Amino acid sequence: MGTTGRRPGAYVCGIDAAMDLIGGKWKVLILWALNERPRRFGELRRELPGVTEKVLASHLREMEGDGLVHREAYDEVPPRVEYSLTPRGVSLNEALEPLGAWGRANVLGVSPAPGQMREDDDVPLVSGAA
């Protein structure tokens, strides 16, 4: 999937472009909830206390348009619709994992699991830096 037509030519960098897709309070949490398994609208609503139906529906439509979320409508009575991540949504979630680890360690104060990167690990921030 290519560009979404949001702000063509207006992005300063890749982070700016990615943040345009996940901006706002709820989109990252929707990605997180759908990472576990496909969910129906009501399940997402219960999983994300505080989100209104209007905002959730709007975000899901935007995320579907951006190629992050797949909406599957089943021809059943009563109607059933499930939302799941597309491969693009999965890759965005994978890109957000280090940010989640940083938040757990630096905001929530949760120690990383064995084998995960810690804040004091000697890792250069810039490729080729010593």
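Two strands pair if DSSP finds at least two bridges between them. Helices (H or I, at least four residues) and strands (E, at least two) are DSSP runs, numbered from the N terminus. This is a predicted model, in which local features need pLDDT of at least 70, side-chain atom pairs count only at pLDDT 80 or more, and totals for chains, interfaces and linings use all residues. Residues are numbered from 1 along each chain as its sequence is written, and side-chain values use heavy atoms, with hydrogens and water left out.

Start with the sheet. Strand 1 and strand 3 pair in the antiparallel sense, over two bridges. In this region R40 stands opposite E82 of strand 3. Strand 2 (residues 69-74) and strand 3 (residues 80-85) also run antiparallel, joined by six bridges.

Axes here are lines fitted to C-alpha atoms, for helices over the stretch in contact, and angles run from 0 to 180 degrees between N-to-C directions.

Now turn to the hairpin. Five residues connect strand 2 to strand 3. P78 is placed in this loop. The peptide bond from V77 to P78 is cis, with omega near -5°. Most peptide bonds are trans. Y74 stands opposite R80 in strand 3. R80 also lies over the face of Y74, at 3.8 Å from the ring centre. A charge sits over a ring if NZ of Lys or CZ of Arg is within 6 Å of the ring centre and within 35 degrees of the ring normal.

Helix 2 has a helical partner as well. Helix 2 (residues 27-36) packs with helix 4 (residues 53-65) at an angle of about 75°, their axes 10 Å apart. That makes helix 2 roughly perpendicular to helix 4, a term for angles of 65 to 115 degrees. From helix 2, K27, I30 and L31 meet L56, H59, L60, E62 and M63 of helix 4. By class, this contact has five nonpolar, one polar and two charged residues. Ala, Val, Leu, Ile, Met, Phe, Trp, Tyr, Cys and Pro count as nonpolar, Asp, Glu, Lys and Arg as charged, and the others, Gly among them, as polar.

Key:
Angles under 35 degrees count as roughly parallel, over 145 as roughly antiparallel, 65 to 115 as roughly perpendicular and the rest as oblique. Contact means heavy atoms within 4.5 Å.
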